[in-house]
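Please look over the sequence and the structure shown here before reading on. The paragraphs that follow go through them step by step.

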Amino acid sequence: MTDRTVSPSRMNLLLLKDREQAARGALELLRSKREALARELFSIAEQAVATRGAFEDTIRKATWALAVSLGYEGRADVESAAFAARREIPVSISERSFWGLRVPEIRWQGIVRSADARGYSFSGVASSTQAAAREFEKTLEAVLQVVALETRFKKIGTEIGKSTRRINVLNEVILPGLRARMRAILLALEERERENVFRMKRFKGRKR
């Protein structure tokens, strides 16, 4: 059946061929992008699993260290040391491009400090409280590592889903539609050619 929306001409056939070639190029590009994203996703997944495991271990140690500190020193001394050690932690968020996708990069530094850099009197704070402070600084660093990896994981996973939907549309809707329209034009052109041949034969027959 001829596509009624497109005039069956050789010019339209060429235009449809160009569009079909462009769609095939986009399809290959999307497939390459999805493969690269999937490789990156698997790489991040392995890191994320290891980092979350390390985080759970770190928070367990920190909780235990705090309990020991509270038991030996009491809440008032621990809170006093915590107040003296308070600070702002600079965290920067930038982006890097990966196959056109803006992937967030979270950076920080200097979270785990030496005992004499926490702002309280080193000799006036019990070793158990200092140990708890160190463990919680490690925990904070582990939290940032988990957040950084899982943010990238979610972003890339979402993009893989978008790429897959676009591939499906190209594969199942756009390319079959273009090919069907090209076949329809070819059939119309062949039919027109046969009619011309028949007309010429009949014309020659009348001249005789």
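Which helices each supply at least two residues of the lining of the largest pocket? In this predicted model, they are helix H1 (10–73), helix H2 (75–84) and helix H3 (127–207). H3 gives the most to that lining, with 6 residues.

The space in the largest pocket comes to about 390 Å³. Its lining consists of 19 residues, and the closest to the pocket centre are Ala82, Ala85, Ala132, Ala133 and Phe136. Sorted by class, the lining has 12 nonpolar residues, 5 charged residues and 2 polar residues.

From the pocket we turn to the chain as a whole. It has 3 helices and 2 strands, and from the N terminus on these elements run in the order α-α-β-β-α. The chain is more spread out than a compact globule, because its radius of gyration is 34 Å, well over the 17 Å that the globule rule gives for 208 residues. The spans of the C-alpha trace along its principal axes are about 125 × 25 × 20 Å.

Of the 208 residues in the chain, 30% are buried. The accessible surface amounts to about 14,000 Å², and carbon and sulfur atoms hold 56% of this surface. Among contacts in the chain with a separation of 6 or more, 79% are between residues 24 or more positions apart.

Two residues in loops can be looked at one by one. Trp99 sits in the loop between strand E1 (91–98) and strand E2 (101–108). Although Trp99 is not a glycine, its phi is positive, at about 55°.

Which residues is Ile89 in contact with, leaving aside its neighbours within four places in sequence? They are Ile111 and Leu140. Ile174 lies 85 residues from Ile89 along the chain, and the C-alpha atoms of these two residues are separated by 51 Å.

How values were computed. Residues are numbered from 1 along each chain as its sequence is written. This is a predicted model: local features need pLDDT of at least 70, side-chain atom pairs count only at pLDDT 80 or more; totals for chains, interfaces and linings use all residues. Side-chain values use heavy atoms; hydrogens and water are left out. On a 1 Å grid over the protein atoms alone, a cavity is a set of points where a 1.4 Å probe fits but cannot get out, and a pocket is an open set with protein on both sides within 12 Å along at least five of seven lines; lining residues have an atom within 4 Å of a point. Grid points are joined across faces, edges and corners, and a volume is the space filled by probe spheres set on the points. Helices (H or I, at least four residues) and strands (E, at least two) are DSSP runs, numbered from the N terminus. Ala, Val, Leu, Ile, Met, Phe, Trp, Tyr, Cys and Pro count as nonpolar, Asp, Glu, Lys and Arg as charged, and the others, Gly among them, as polar. The radius of gyration is taken over C-alpha atoms; the globule rule is 2.2 Å times the number of residues to the power 0.38. Buried means under 20% relative accessible area, exposed over 50%, partly exposed in between (1.4 Å probe, protein chains only). Contact means heavy atoms within 4.5 Å. Accessible areas come from the Shrake-Rupley method with a 1.4 Å probe; for residues, only the protein chains shown count as cover.
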